[in-house]
Amino acid sequence: MIRLANGLGALLALTLPFWLANPYFLHVVIMAGIFGVLALSLNLLLGYTGQLSLGHAGFFGIGAYTSALLTLRLEWSFWLALPCAVALTALAGWLIGRLALKLRGAYFVLVTISFAGVISLVSVNWMELTNGPLGLPGVPAPELGPWSLRAKSAYYYLVLAGVTLSYVVCARLVGSRIGRAFLALRENEPLAESVGVDVTHYLVLAAVVSAGMAGLAGSLYAHYTRFVSPEVFLFTYTVTMVVMVVAGGKGTLAGPLVGALLFTALPEALRLATSWQWQMLAYGVLLVLLVFFLPRGIVPALAAWRERRAP
Amino acid sequence: MEQLLQHLVNGLVLGGTYALLGIGLTLIFGLMNLVNFAHGEFYTLGAYAAFAALALAGVNFFVAVLAAIAAGAALGALCERVLLRPLRAESIDTTMLVMIGVWIAMQNGELLVWGGVAKSIPHPFPTEPLVLGPVSIAPLRVFVFVLAAGLIAASYLLIHRTKLGRAMRATFQDRDTAALMGVRIGRIHTATFAFGSGLAAAAGALLGPVFLAYPSMGDLAALKAFCVVILGGLGNLPGATLGGLLLGVAEELGAGYVSSGYRDAVGFVIIILVLLLRPSGLFARQERIG
Amino acid sequence: MTLAVRDLAVQFGGVAALGGVSFEVRPGTITSVIGPNGAGKTTAFNAITGYLRPARGEVTWDGAPLTGLRPSAIARRGVVRTFQKTSVFPSLSVADNVAIGLHLRGTAGFLDVLLGRRRIRDEERHLAADAEAIIAFVGLVHRRREIASALPYGEQRLVELAVALAATPRLLLLDEPGAGMTSGEKDVVIELIRNIRGRGITVLLVEHDMRMVMGISDTVIVLNHGRVIAEGAPAAIQADPDVIRAYLGTSSDRS
């Protein structure tokens, strides 16, 4: 039964541009996909190793800027710029991972915020590299041979590939010995150490993969909107990511994707009704309500509800 | 040399208010084990409260600051009672998330009420700067420093000379024993949060007229407050005071000699460096850990 | 395969929690460490297993030094400990708890996992079988799917034991395995510890329950005020005047 649902879902996803041709809806789906990758990346750190990073906008931005600059200034192909962006962001993740070894809880959160803050200030002030607040317009769209992936329907497939890749990586990690080590770190670190789990190694691994994935999202974003500015470091993005993961269900695989879809579609729906400030206000209130009423998130709540219904 | 002195003086004025922010947060963070990401929003609240008092009600400046403190403390107490007390058994991650939610809600609430355009807060002081030897300083800033110093002194008195303060210190040192001794932990939490938020609001009311008031002013303030807490060590009042002054001076020197664009980076960099090199704070006594 | 502790000392601030302790644990034996509260027993455990840095002294296992190593490295050498306060992975099931304990038996690295190698799938199946065996050994088969933190206290401590055993210890350090247990539960634990020794695993335990200690130990070491005051067979220890004085104190004892 599950197999059938999965197969159907995959079919729908693969043929989406054909039955959802409206460019506005395609845009929403593409953005949901990009945020889905971001949410999956944050979830790896927050949901599995239990470290809250509020600096993921920093990784997102590094990925976006690296990819944009390599294709704009050095005229590299997108297909080369993307892995480089991922690699550079992964390196930044390695740095954060090594920092995390000394810090836990609130202190780690503060360092991640500071990291994002410093990167943000650099992108605003280092005019020669990043063009400062004016940003980098004209980021080229990816090309696959003779075809340009500029059109939304084409870019959708690129994003779908990105989401699928990220999901598969997460699923494989989580279901393995590595995923168990992550959980051990989250649940009881001293106990994990006592049975031989090398804390250093696994925290750094989680940070590197998480950051690299966020960099992937950044690159996808840069070549979709074709404009990168210091606005990618806005704390709003981090907050949105956190809400997506927490609301969807941290520590699950489907949770972040559900959260991403919900919180990309919701603002668009709200935008038609009211202004952006009300939307952010609603986010704040929603976060508080979630912590009180659905502390584990939507996906686990649904799973628990289904279990209660079928004893 | 004169420039250096000028920077130092400016830094001390700024630092005094940073100390207020830091003292409030170190008490909250230290005693309640709460990562109060909404701390900056009480700062903003204070600034807007002062604006309302001065521009709209036309009261005198001193009263405006008091009004701001009252507003901050009241909202803080409410926040603690309604949102935090039910979650007291939860982990630090959960309460952190709630405070993030409050942060977002408050900031966008301010945005909706006051609009996004920065407001200039009127003050009764002459704009002609006082010249004291090689440095010149605006009378407003003198007032700010004096008031900040006064509030810091008042905080010390509260913590060390009153029954409430003693109860707070006991709870910070050993919660269970304090509870067994009859200290009402719930009340202490509410009082601590209200006190800390009131100090943050005071800082906002003091610095608001010096700069401008706008809805996102609290973000950087919050970060600087955390910076001060990290510099001084958790729950360490003299550390927070010194840390605040240090940060103010460091920022002024950084802005003056390096680049004004990177002024705010000073706080970030300090956070990163201190947490890497001396996580217990510059002024805390080193505990031996395994 | 001997554990040798030489002049181990630990300081907290200005206080010497351990003042230079020396003893040996012979392979294949059950050795108990006893002493009044605050004698330094758990501190010794923490120092031996890398959770505390000693001020001086040396710990060697099988001839190689353990001092200065991180706990996970020490576990890799076959030295595994349990904790005084119940220590499980709270929101995971019993089976998942034990699976984490089997960490060192697995070999899957990052690349292996990403590429989904068949070798890894085989390994997972072997590990699952190993987990079942260990869960059966401690008698928790009927609880394998339950969430660890939801179990009653006595069973949680069995989960702890199962997790430690999964890490394939050659030396097992048990910190108060009988604490807070009913007499029936303690009998189960005693039987398990005997079975563990029967499998060739050396056991070092800290305990307060004298019946347990005297009943299963080959050697008893007595600590007081951070020092060893007696060492020997259970009967000899029970009769030792220094030991009696440490527990009961004399009329002029001001500690």
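Which residue in strand 4 of chain C does A9(C) stand opposite? Point 3 takes this up, after some remarks on confidence.

1. Overall confidence. This is a predicted model, and it scores ipTM 0.91 and pTM 0.85. Chain C has a mean pLDDT of 89, with 97% of its residues at 70 or more. For chain B the average is 85, and 96% of the residues score at least 70. Within chain B, helix 3 (residues 61–84) has the highest confidence, at a mean of 93, and helix 11 of chain B the lowest, at 81.

2. In chain B, pLDDT is below 50 over residues 285–290, a stretch that has 9 contacts in the model beyond near neighbours in sequence. Where pLDDT is low, the predicted coordinates should not be read in detail.

3. The four-stranded sheet of chain C. To return to the opening question, A9(C) stands opposite R56(C) in strand 4 of chain C. Strand 1 (residues 3–12) and strand 4 (residues 56–61) of chain C run antiparallel and are joined by 5 bridges. They belong to an open sheet of 4 strands, ordered 2-1-4-5 (chain C), with antiparallel pairing. Strand 2 (15–25) and strand 5 (64–65) of chain C are its edge strands, each pairing on one side only.

4. The six-stranded sheet of chain C. Here the order is 6-7-8-3-9-10 (chain C), in an open sheet of 6 strands with mixed pairing. Strand 6 (79–81) and strand 10 (227–232) of chain C each have a single partner strand, so one side of each is left without a neighbour in the sheet. On average, neighbouring strands of this sheet are turned by 15° against each other, direction ignored.

5. Strand 3 (residues 30–34) of chain C runs parallel to strand 9 (residues 219–224) of chain C, and 4 bridges join the two. S32(C) has V220(C) as its bridge partner in strand 9 of chain C. Helix 1 (residues 41–48) of chain C lies across strands including strand 3 and strand 9 of chain C, and it runs at about 145° to strand 7 (171–175) of chain C.

6. The contact between chains A and B. Chain B puts 31 residues into this contact and chain A puts in 30. On the chain B side, helix 4 (92–114), helix 9 (217–232) and helix 11 (265–277) each supply at least two residues. Helix 4 of chain B gives the most to that side, with 15 residues. Note that helix 11 of chain B is also where confidence in chain B is lowest, at a mean of 81.

7. The largest nonpolar core. This core has 275 residues, and those touching the most other members are A50(B), A68(B), A201(B), A202(B) and A162(C). Helix 10 (residues 199–225) of chain A gives the most to the core, with 18 residues. Leaving aside neighbours within four places in sequence, A201(B) is in contact with residues including F42(B), Y43(B), L45(B) and A68(B).

8. A covered helix in chain A. Helix 3 (residues 56–72) of chain A is mostly covered, with 16 of its 17 residues buried. From its first C-alpha to its last, helix 3 of chain A reaches 24 Å, close to the 24 Å expected at 1.5 Å a residue.

Notes. Residues are numbered from 1 along each chain as its sequence is written. Chains are lettered from A and ligands numbered from 1 in the order in which they are written. This is a predicted model: local features need pLDDT of at least 70, side-chain atom pairs count only at pLDDT 80 or more; totals for chains, interfaces and linings use all residues. pLDDT is the predictor's confidence in each residue, from 0 to 100. The expected span of a helix is 1.5 Å times one less than its number of residues. A residue is buried if 20 or more other C-beta atoms lie within 10 Å of its own, exposed if 12 or fewer, and partly exposed in between; C-beta atoms are placed from the backbone. Two strands pair if DSSP finds at least two bridges between them. Axes are lines fitted to C-alpha atoms, for helices over the stretch in contact, and angles run from 0 to 180 degrees between N-to-C directions. Two residues are in contact if their C-beta atoms, placed from the backbone, lie within 7 Å. A nonpolar core is a set of buried Ala, Val, Leu, Ile, Met, Phe, Trp, Tyr and Cys residues joined through C-beta atoms within 7 Å.
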